[in-house]
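Here is a friendly briefing to read alongside the sequence and the model.

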Amino acid sequence: MKNAIAIHSLSYSYGNFSVLSAISFKVEQGIFFTVIGPNGSGKSTLMKILAGILKFKKGKISIAGKNLKKYSGRELARHVAYVPQTISAEFPFTVEEFVLLGRSPHQGMLGINSEEDHLIADQAMDFTDTGTLSQKKIDRISGGERQRVFIARAVCQQPEIMLLDEPASSLDLAHQVKLMDLLERLKNETGITIIMVSHDINLAAMYSDAMILIKNGSVIKQGTAAEVIKPSILEDIFGCPFFVDTNPAGNSPRISPIPAKFKLNRRAPHAS
Amino acid sequence: MTFPERAIMSRIVRVSFIFALILAVSIFAGLAVGSSFNGLKILWEMVFSAKKPDPILSTIIWRIRFPRVLMALMSGAVLSTGGLVFQALLRNPLAEPYILGISGGSAIGAIAGIILGISRFPGVAAAAFAGSMATLVIVVVMSSGKASLTKDSMLLSGVVINAFCSAIIMFLISITNSSQIHSIMFWLMGDLSSSDMNQVHFLALSTIPCFFVIFLFSHSMNLLLMGKEMAHSMGVNIKFVTGILLVISSFMVSATVADCGLMGFVGLVVPHIMRLVFGPDHRILVPACILGGGAYMVICDLLARCIPQQGEIPVGVITAMIGAPLFIFLLKKGKT
């Protein structure tokens, strides 16, 4: 299996504040990969580095077999699409106009859309089930719809790798699952490598082919969901007790945090 | 108004054509109407018939009204497009071309020039231009630390510098003798009455290339609306694009303000109206602001010449008096 991304001892700091320290990992092509970890662990910084937004000094990153530093901005944008948590929608584009912006790395400076560009945008909207919204203004649709439109824009960019920073964190449970199903379908049908940052471990466990757990800018554990999601590892990282069993509807590990009062209840039957 | 048709090129051409027509009509009106005589018929005969025109009328139209109409056209186009660019770069719909201290700085330069009694063009204009460039440099230096060209720090620096400049302006006015106050006040309110062809040539040469560059970057401005990081991840070279656009639009606004004085509200009202009508695509908005902003100013100048029974009102008064209510009306209408 070829690697979509290979990172070798990457370090990054904001001024004197170190965010990532010598992390190394590889992501195989065409898999669903998640980066989990507590707040402030460096997850979002990692995504921004991979998207070419932040310039790193130490370490080496290869994307599709080529050194990240050798890519021009537009060339990288043809390989990697980035979906941040929110995108500014102060100036109201229609959904179709917004999705079409995804074509710009493939176009000239004025971004003149060809018939093919329109076709690709239509397909991206159909795929994400946003076709019926195409003439609506982006600031007039619901949060769940808007998140799907952001993904449609990234699909329209026709990348090999899609980076998503907490795409589901602002959505309700039903919309979270719908969005994740969409990403999985995207992986299966187009072969795009999905790299997602999440602090929702259960959601990540249900969909990931592989994951890494990072804390304070270091990789703590890397492997399948079953290998990474263990109470012994997580309790240390998050500083809070966990109970791990198997999702009754499938075979992914399921994690439940244990509040103080539950701990008392658990002990109670043994005492009597 | 919506345009369901998708091809962007045909939309650009259609919108440009409509505004070119409006502009042509307003230019004709601007040439035909004035304090000494009115008449489309006279103008029509002079332009299109072989008959030898009356030399006095000819002088009025070609020496007095024509440069004035062209100056109005260009200043309207520059201020509207400048407003559009600043609103996109600072991602703040309330940004306007004067926000970076351009108005304050050039006003100080111009008032100093008037007090020293140097000629209106190129003397006062050069002083005003120097003033605006000086404040611009101060604003950029003030707002650029490690995170250069941050939108909020730039906006804040501009506001602070403009406030400081107002104090200096008031000081200068207070020490001025009364005969100069009239020309200072006219400059501060925007004045096209002393336009001549030299000024027109100068302004055309310095602004028309700017329009081309801004149009070339219009799609980059679309991408910037999604936020800097998003635009960056789509391959836009943020530092290059914002740098070029800031320098170019500040330059053309300074050149215009130096020539015509301060004309308020144009840079805020015209881009907003265009955005409400045509949506946020800058490939449409740039030509619409150039042509539509030009037409708007030509009409405002026409009103400035015709409304009073004697003399005229500064055009800046008209632009603000029409612009502000129109703006509120459209904003209310657009929201519901």
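In this predicted model, the axes of helix 4 (residues 102-116) of chain B and helix 7 (residues 178-188) of chain B come within 10 Å and cross at roughly 155°. Helix 4 of chain B and helix 7 of chain B are therefore roughly antiparallel to each other, a label given to angles over 145 degrees, while those under 35 count as roughly parallel, 65 to 115 as roughly perpendicular and the rest as oblique. Axes here are lines fitted to C-alpha atoms, for helices over the stretch in contact, with angles from 0 to 180 degrees between N-to-C directions.

**Helix 4 and helix 7 of chain B**
- On the helix 4 side of chain B, the contact is made by B:Ala107, B:Ala110, B:Ile111, B:Ile114 and B:Ile115.
- Helix 7 of chain B brings B:Gln180, B:Ser183, B:Ile184, B:Trp187 and B:Leu188 to that contact, where two residues are in contact if their C-beta atoms, placed from the backbone, lie within 7 Å.
- By class, the contact of helix 4 with helix 7 of chain B has eight nonpolar, two polar and no charged residues (Ala, Val, Leu, Ile, Met, Phe, Trp, Tyr, Cys and Pro count as nonpolar, Asp, Glu, Lys and Arg as charged, and the others, Gly among them, as polar).

**Partners of helix 13 of chain B**
- The axes of helix 3 (residues 55-89) of chain B and helix 13 (residues 282-306) of chain B cross at roughly 140° and come within 7 Å, which makes helix 3 of chain B oblique to helix 13 of chain B.
- The crossing of helix 3 of chain B past helix 13 of chain B is right-handed, and the residues of their contact are 15 nonpolar, eight polar and two charged.
- For helix 1 (residues 8-32) of chain B and helix 13 of chain B, the axes come within 9 Å and cross at roughly 10°, which makes helix 1 of chain B roughly parallel to helix 13 of chain B.
- The contact of helix 1 of chain B with helix 13 of chain B has 17 nonpolar, five polar and three charged residues.

**Domains of chain A**
- Chain A is assigned domain 1 (1-64 + 160-240) and domain 2 (80-159), with bounds from an automatic or database domain assignment.
- The centres of domain 1 and domain 2 of chain A, taken over C-alpha atoms, are separated by 24 Å.
- Contacts join 19 residues of domain 1 of chain A to 15 residues of domain 2 of chain A.
- On the domain 1 side, strand 7 (161-165) and helix 6 (173-190) of chain A are the elements giving two or more residues, and strand 7 of chain A gives the most, with five.
- That side of domain 1 of chain A holds 13 nonpolar, three polar and three charged residues.

**Between chains A and B**
- 26 residues of chain A are in contact with 24 residues of chain B.
- Helix 2 (residues 73-79) of chain A supplies the largest share of the chain A side, four residues.
- The chain A side divides into 15 nonpolar, seven polar and four charged residues.

**Confidence and conventions**
- The model scores ipTM 0.86 and pTM 0.86.
- Chain B has a mean pLDDT of 83, with 90% of its residues at 70 or more (pLDDT is the predictor's confidence in each residue, from 0 to 100).
- Within chain B, confidence is lowest in helix 2 (residues 40-48), at a mean of 69, and highest in helix 13, at 93.
- Helices (H or I, at least four residues) and strands (E, at least two) are DSSP runs, numbered from the N terminus.
- Residues are numbered from 1 along each chain as its sequence is written, and chains are lettered from A and ligands numbered from 1 in the order in which they are written. Local features need pLDDT of at least 70 and side-chain atom pairs count only at pLDDT 80 or more, while totals for chains, interfaces and linings use all residues.

Conventions:
Left-handed = near helix turned anticlockwise from the far one by under 90°.
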